[in-house]
Amino acid sequence: MGHKEEGGARIGAAEQAYLAIRKRIFSGHYAENERVTEAEIAQSLQMSRTPIREAVKRLLLEGLLTREAGPGLRVVGLGPDEIEQIFQIRLLLESYAAKRAAGFADETQCTELQRLAKRMANHVPPRSEDDFREITEANREFHQLILVASRSPRLEAMLSLVVNLALVARTFHSYDEAAIERSAAHHQEIADAICSGDPNWAETAMQTHLHAAATTARKGFAAGSAPEA
């Protein structure tokens with residue numbers, strides 16, 4: 001029993017380290033192409049090297065970090081071409097996920113999709129940091145739930161490793177008011193399509209959403225930041 005509890009603690013610490021490092025990357029605390037080491041990260045987070053090492057492995061797979069010679073790590077900078085590729089991959093995979101979800105989502109998942117879409121709408125247009133936080137979290141949960149509802153572990157794994165929904169975007173702050181209202185409306189339509197059991201509508205709604213998000217991302221990069229979708 002003690003071993004299991006100890007193992008659970010290690011898993012919890014690794015997840016905590018992963019979230020902390022990822023937050024630092026997204027917030028700009030670690031600049032793009034900045035060099036860091038596991039020892040430096042562990043010291044700054046006041047954590048042992050073991051959970052840091054596990055978190056780094058995950059971040060390397062997701063493409064947020066890359067291994068340099070020796071103990072060095074480098075924060076990966078996503079250029080316009082990489083962002084364009086990511087959105088093209090999302091168009092293929094997430095549209096397919098939405099199409100599958102329309103055929104497999106159960107009543108509980110549909111209720112939750114509708115709740116998350118309304119949660120986003122309730123904070124649009126955002127007037128405070130709390131609004132941005134609520135929209136960002138609802139967006140993440142919404143897209144993740146569609147993957148779960150698609151009932152395809154292979155598809156979920158591919159998106160997590162190749163795209164990683166959480167790292168495609170940096171912040172909703174780069175959206176203008178019209179764009180963020182449009183995004184919220186897209187989420188409601190995607191939820192309606194999935195919950196109506198219409199695969200073609202769900203696929204088209206997701207494609208429309210991602211095409212719009214990609215356009216905003218291009219504008220965001222021109223201005224120096226990339227948005228969420």
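Mentor: Residues 24 or more positions apart account for 72% of the contacts in the chain with a separation of 6 or more, a contact being a pair of heavy atoms within 4.5 Å. The model is a predicted one, in which local features need pLDDT of at least 70 and side-chain atom pairs count only at pLDDT 80 or more, while totals for chains, interfaces and linings use all residues. Residues are numbered from 1 along each chain as its sequence is written, and side-chain values use heavy atoms, with hydrogens and water left out.

The part I shall take is the sheet, and the chain as a whole supplies its setting. The chain has ten helices and three strands; these are DSSP runs numbered from the N terminus, with helices being H or I of at least four residues and strands E of at least two. Along the sequence the elements follow the pattern α-β-α-α-β-β-α-α-α-α-α-α-α.

The three strands make an open, antiparallel sheet in the order β1-β3-β2, where two strands pair if DSSP finds at least two bridges between them. The edges are held by β1 (35–37) and β2 (65–67); each has a single partner strand, so one side of each is left without a neighbour in the sheet. From one strand to the next, the twist averages 40°, taken between N-to-C directions on a scale from 0 to 180 degrees, with axes as lines fitted to C-alpha atoms, for helices over the stretch in contact.

The pairings can be followed residue by residue. Strand β1 is joined to β3 by three bridges and runs antiparallel to it; here Thr37 stands opposite Gly72. Three bridges likewise join β2 to β3 (residues 72–75), again antiparallel. In that pairing Leu65 faces Val75, and Thr66 faces Arg74. The hairpin of β2 and β3 has four residues between its strands, and one of them, Gly70, has a positive phi near 75°.

Two helices meet this sheet. Helix α2 (residues 38–45) packs on it, touching β1, β2 and β3, and its direction makes about 75° with that of β1. Helix α3 (residues 49–62) lies across β2 and β3, running at about 100° to β2.

Most residues other than glycine have a negative phi, and most peptide bonds are trans. In the loop between α1 (2–27) and β1, however, Asn33 has a positive phi of about 70°. In the loop between α2 and α3, Gln46 has a positive phi as well, near 55°. Asn33 is partly exposed, with a relative accessible area of 46%, whereas Gln46 is exposed at 75%; buried means under 20% relative accessible area, exposed over 50%, and partly exposed in between, with a 1.4 Å probe and protein chains only.

Buried residues make up 45% of the 229 in the chain. In soluble globular proteins, nonpolar side chains tend to be buried together. A nonpolar core is a set of buried Ala, Val, Leu, Ile, Met, Phe, Trp, Tyr and Cys residues joined through side-chain atoms within 4.5 Å. The largest such core has 41 residues, and among those with the most contacts inside it are Leu113, Phe142, Ile146, Phe172 and Ile180. At least two of its residues come from each of α4 (80–104), α5 (107–121), α6 (129–149), α7 (153–163), α9 (177–196) and α10 (199–223). Apart from this lies another core, of 19 residues, among them Phe26, Tyr30, Leu45 and Val75.

Leaving aside residues up to four places away in sequence, Ile180 touches Val124, Pro126, Phe132, Ile135, Phe172 and Tyr175. Ser183 is found in helix α9 and counts as buried at 4% relative accessibility. Finally, a cis peptide bond joins Val124 and Pro125, with omega about -5°, and Pro125 lies in the loop between α5 and α6.
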